[in-house]
Amino acid sequence: MSESMNYSTIKTNEHAIRCMRAIIGNVEKIIVGKRFAVSLVMATLACRGHVLIEDVPGVGKTSLVAALARSVNGSFKRIQFTPDIMPSDITGYSAFSPKTGEFEYRQGAVMSQFVLADEINRTSPKTQSSLLEVMEENQVTVDGQTYSVPMPFIVLATQNPVEYLGTYALPEAQLDRFFMKITLGYPDSHEESRMLDRFKGRNPMDELVPVAEGDDIIRIQELVELIHVDPEINSFIVAVARYTREMEDVQLGASPRASLCLFRAAQAWALFNERDYVIPDDVIHMAPHVLGHRILMKQEANVKKVRVQDVIFKALELAANVNR
């Protein structure tokens, strides 16, 4: 590769990094003290993935999604999941048009670049499954016709982990479609004081303006795929996934899709940290958030007090020893 091509690539990467950090900084005008969590959402967007935000009410899950959508000049739809919502509300439906004498497609809420699936576990499994195709293939099929969603596209779902009345647990196939699962947690006292000070007047969400375009996000996604991954890093990722499948306390280990997601997440984290190559620490930082929701523990693991995070850290340790 020539020096001019190298220089061009560096300049492009610098623009992508500035764009990612500008978006994160914009979101932090609303979400105080959660930079790492916001960065994980940005990494998910950079990897063409979808994110599940699981946390207690009132910590800013919905606000984070709304702030991200406002930070990028794109279309945004919020779906409030309830027991009576139908799959056609999400994917759309065909309706007869007296004007044309033909059936025409009526768009559902999913036909948007940023889709907030609020309290996704409050709707029926049938409605939850209506998201499977679009989250995997960026398209919906209605009455045999396929319709592509606008790009860039991301589903950001929220759910409450402590309230089970009137909820439906997401099946493993649905969970596996989410690139990452993250939590926000309560702010510390200093962060909470800053939040009160920031919201004492007008809601800062009303003044949030876009700092990036959809084309910027698409370019970032393309650059992530160009980040170099050494064969040894490949082997490390595969070993981590394999060890999660072999541990005695695990009923269902990380899938091959999980390995690919961890691979891509490490690339995005490398780009965000101003590198054009992946290092083992990128994999280690991303593994708990990419793999955690994809591992199903056996019942006896609860008795032994073995957590999913323990399994991931042990798999990382074993894989690191093998690859030394």
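Mentor: Helices here are DSSP runs of H or I with at least four residues, strands are E runs with at least two, and both are numbered from the N terminus. With that settled, let's start at Ser 259, which sits in helix H11. Before going further, keep in mind that this is a predicted model, where local features need pLDDT of at least 70 and side-chain atom pairs count only at pLDDT 80 or more, while totals for chains, interfaces and linings use all residues. Residues are numbered from 1 along each chain as its sequence is written, and side-chain values use heavy atoms, with hydrogens and water left out.

Back to our serine. Ser 259 has a relative accessible area of 14%, so it counts as buried (under 20%; exposed is over 50%, partly exposed is in between, with a 1.4 Å probe and protein chains only). If you skip its neighbours within four places in sequence, Ser 259 is in contact (heavy atoms within 4.5 Å) with Ile 237, Ala 241 and Arg 245.

Rolling a probe the size of a water molecule over the atoms shows where empty space is left. The search uses a 1 Å grid over the protein atoms alone: a cavity is a set of points where a 1.4 Å probe fits but cannot get out, a pocket is an open set with protein on both sides within 12 Å along at least five of seven lines, and lining residues have an atom within 4 Å of a point. Grid points are joined across faces, edges and corners, and a volume is the space filled by probe spheres set on the points.

Over the whole structure, that search turns up 1 cavity of 30 Å³ or more, and the largest cavity has a volume of about 30 Å³. Its lining is made of Met 20, Ile 24, Ser 39, Met 42, Ala 43, Ala 268, Trp 269 and Phe 272. Helix H1 (3–27), helix H2 (35–46) and helix H11 (256–272) are the elements that give two or more residues to this lining. Sorted by class, the cavity lining has 7 nonpolar, 1 polar and no charged residues; Ala, Val, Leu, Ile, Met, Phe, Trp, Tyr, Cys and Pro count as nonpolar, Asp, Glu, Lys and Arg as charged, and the others, Gly among them, as polar.

H6, H9 and H11 each supply at least two residues of its lining, with the largest share, 4 residues, coming from H11.

Two packed helices are described by the angle between their axes and the distance between the axes. The axes of H2 and H9 (residues 214–224) come within 8 Å and cross at roughly 80 degrees; axes are lines fitted to C-alpha atoms, for helices over the stretch in contact, and angles run from 0 to 180 degrees between N-to-C directions. H2 and H9 are therefore roughly perpendicular (65 to 115 degrees; under 35 is roughly parallel, over 145 roughly antiparallel, the rest oblique). On the H2 side, Met 42, Leu 45 and Ala 46 meet Ile 217, Ile 220, Gln 221 and Val 224 of H9. That contact has 6 nonpolar, 1 polar and no charged residues, and Met 42 is also part of the cavity lining.

Leaving out residues up to four places away in sequence, Glu 133 touches Asn 138, Gln 139, Val 140 and Thr 141. Asn 138 lies in the loop between helix H6 (132–137) and strand E7 (139–142). Most residues other than glycine have a negative phi, yet Asn 138 has a positive phi of about 55 degrees. Asn 138 is partly exposed, with a relative accessible area of 25%.
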